[in-house]
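This report describes a single protein model by its sheets, helices, cores and selected residues. Please consult the sequence and the structure alongside the text.

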Amino acid sequence: MMINMRTKQTILAVLFIAFSMGMKAQGENALQNVSVMELSYTMKEAPKSELGTVVSAVLDVLADQTTEEQPGYAEAVRANVITALGNVRRFQVTDGRQVAPTDETDIIVDGTINYISTTVEFKLQSNKKDKIPQYYAQIGLTLNLKDRASGTVLNSQMFEVNKSGWAWVKSIDSAMKSAMEGLRAKVMKYYNAAYPYSANILERGTETTDKQKELYIDLGSMHGVHEGTHFDVYVIGSIGGKETRKLIGRLKVRQIEGNEVSLCKVVSGKKEIKAALDAHQKLLIISTD
């Protein structure tokens with residue numbers, strides 16, 4: 001979709017101001033330099049049974065299900081955390097083991113791997129004679145984000161991936177691979193929401209008498225925005241001197257127009273957004289994924 005002349009002039013004006021001020025992403029949209037340190041892990045001891053080791057093992061076999069710690073995957077968990085954080089749009093991530101944090105580092109990440117385990121269950125096949133082992137994996141960890149300068153904890157969050165939502169697979173490696181994929185997705189989604197981008201409207205797009213169908217915003221490829229990225233739209237108000245926010249709609253990026261420009265489709269709140277713009281109300285536009 002082509003941008004009209006008025007839109008081009010607006011965009012050029014914004015870019016000129018940014019260039020003349022030597023501006024880069026800052027304020028609410030500032031990129032965070034993140035250094036990932038150690039994720040401690042201590043292997044859990046097998047639970048003791050008054051029945052004895054041999055009897056306990058027999059009971060496990062009879063139950064056709066056994067859970068076992070997998071300490072050999074601790075490094076893989078840490079590597080997947082680094083990958084997930086590296087996919088957070090506002091994070092620039094380094095491995096603290098390889099590159100020592102510097103004065104440019106904003107956030108230090110450490111934490112604890114609470115558990116890594118696989119469960120095997122022997123499932124009866126369709127012939128009702130043979131049983132084969134099938135697996136799923138569980139990972140639980142806590143990540144702490146700390147201000148590098150002060151050491152203050154900015155955020156502490158637990159992430160868990162378990163049997164829920166996962167199919168049984170035929171090997172421990174496959175089970176751990178599925179669990180790692182789930183872990184990466186959860187970590188990335190959480191911190192993209194916890195550290196969102198805020199956008200400004202550059203230009204109105206397609207509209208009717210009472211509905212706003214499209215908007216151009218000042219975020220683009222340089223911010224990691226992509227087609228399908230969603231934004232919530234709020235009207236900013238005030239009660240008793242305190243700022244209020246009222247959710248009035250949602251946007252979805254339809255097309256990336258440049259480094260700092262995207263065309264968004266208004267997916268909900270077309271009338272409300274149009275009315276707010278017509279009334280020159282202050283809007284807040286925040287990324288949600």
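The sections below set out the basis of the model and then its parts.

## Basis of the model

The model is predicted: local features require pLDDT of at least 70, side-chain atom pairs count only at pLDDT 80 or more, and totals for chains, interfaces and linings use all residues. Residues are numbered from 1 along each chain as its sequence is written, and side-chain values use heavy atoms, with hydrogens and water left out.

Helices (H or I, at least four residues) and strands (E, at least two) are DSSP runs, numbered from the N terminus.

## The open sheet

Seven strands form an open sheet in the order β7-β13-β10-β11-β12-β9-β8, with antiparallel pairing; two strands are taken to pair if DSSP finds at least two bridges between them. At the edges lie β7 (198-199) and β8, each of which pairs on one side only. Three bridges join β8 to β9 in the antiparallel sense. Glutamate 203 has tyrosine 216, in β9, as its bridge partner.

Lysine 265 is placed in strand β12. With a relative accessibility of 36%, lysine 265 counts as partly exposed (buried means under 20% relative accessible area, exposed over 50%, and partly exposed in between, with a 1.4 Å probe and protein chains only). Leucine 215 is 50 residues away from lysine 265 along the chain, yet their C-alpha atoms are separated by 6.6 Å. Not counting residues up to four places away in sequence, lysine 265 touches Lys213, Arg250, Leu251, Lys252 and Arg254, where contact means heavy atoms within 4.5 Å.

## Helix α5

Helix α5 (residues 270-278) has Ile273, Lys274, Ala276 and Leu277 as its buried residues. They lie on the same side of α5, because they cover an arc of only 165 degrees around the axis; the arc is that of the directions from the helix axis to the C-beta atoms. In general, an α-helix has 3.6 residues a turn, so residues three or four places apart point the same way.

The buried residues of α5 pack against β8 (201-204), β9 (214-217), β10 (230-239), β11 (242-258), β12 (261-268) and β13 (283-287). After α5 comes histidine 280, with a positive phi near 55 degrees.

## The β5-β6 hairpin

Strands β5 (residues 131-147) and β6 (residues 153-161) run antiparallel and are joined by eight bridges. Five residues separate the strands of the hairpin, in which glycine 151 takes a positive phi near 80 degrees.

## Nonpolar cores

A nonpolar core is a set of buried Ala, Val, Leu, Ile, Met, Phe, Trp, Tyr and Cys residues joined through side-chain atoms within 4.5 Å. The largest has 35 residues, of which Ile116, Ile139, Leu143, Leu183 and Tyr191 touch the most other members. At least two residues of this core come from each of β1, α3 (74-86), β4 (107-124), β5, β6 and α4. The greatest contribution to this core is that of α4, with seven residues. A second, separate core of 19 residues includes Tyr197, Ile217, Val225 and Ala276.

Among the contacts of leucine 143, not counting residues up to four places away in sequence, are Leu39, Val81, Val109, Phe159, Val187 and Tyr191.

## Aromatic pairs

Rings of Phe, Tyr and Trp (its six-membered ring) pair if their centres lie within 6.5 Å; planes under 30 degrees apart count as stacked, over 60 as edge-to-face and the rest as tilted. By this rule there are five aromatic pairs. The rings of phenylalanine 91 and tyrosine 191 have centres 6.1 Å apart and planes at 40 degrees, so this pair is tilted. Phenylalanine 91 belongs to strand β3 (residues 91-95) and tyrosine 191 to helix α4 (residues 172-194), so the pair ties together parts 100 residues apart in sequence. Both phenylalanine 91 and tyrosine 191 are buried.

Phenylalanine 159 and tyrosine 190 form an edge-to-face pair, at 5.6 Å centre to centre and 80 degrees between the planes. This pair links strand β6, which holds phenylalanine 159, to helix α4, which holds tyrosine 190, 31 residues apart. Phenylalanine 159 is buried, with a relative accessible area of 4%, whereas tyrosine 190, at 26% relative accessibility, counts as partly exposed. Phe91, Phe159, Tyr190, Tyr191 and Tyr195 form one aromatic cluster.

## Asparagine 29

Asparagine 29 is located in the loop between α1 (5-20) and β1 (32-41). Its relative accessible area is 14%, so asparagine 29 is buried. The side chain of asparagine 29 reaches the backbone nitrogen of serine 198 at 2.8 Å. Not counting residues up to four places away in sequence, asparagine 29 touches Arg90, Pro196, Tyr197, Ser198 and Leu219.

How values were computed
A polar contact is a pair of N or O atoms within 3.5 Å; within protein, one must be able to donate a hydrogen and the other to accept it, and residues adjacent in sequence count only if both atoms are side-chain atoms.
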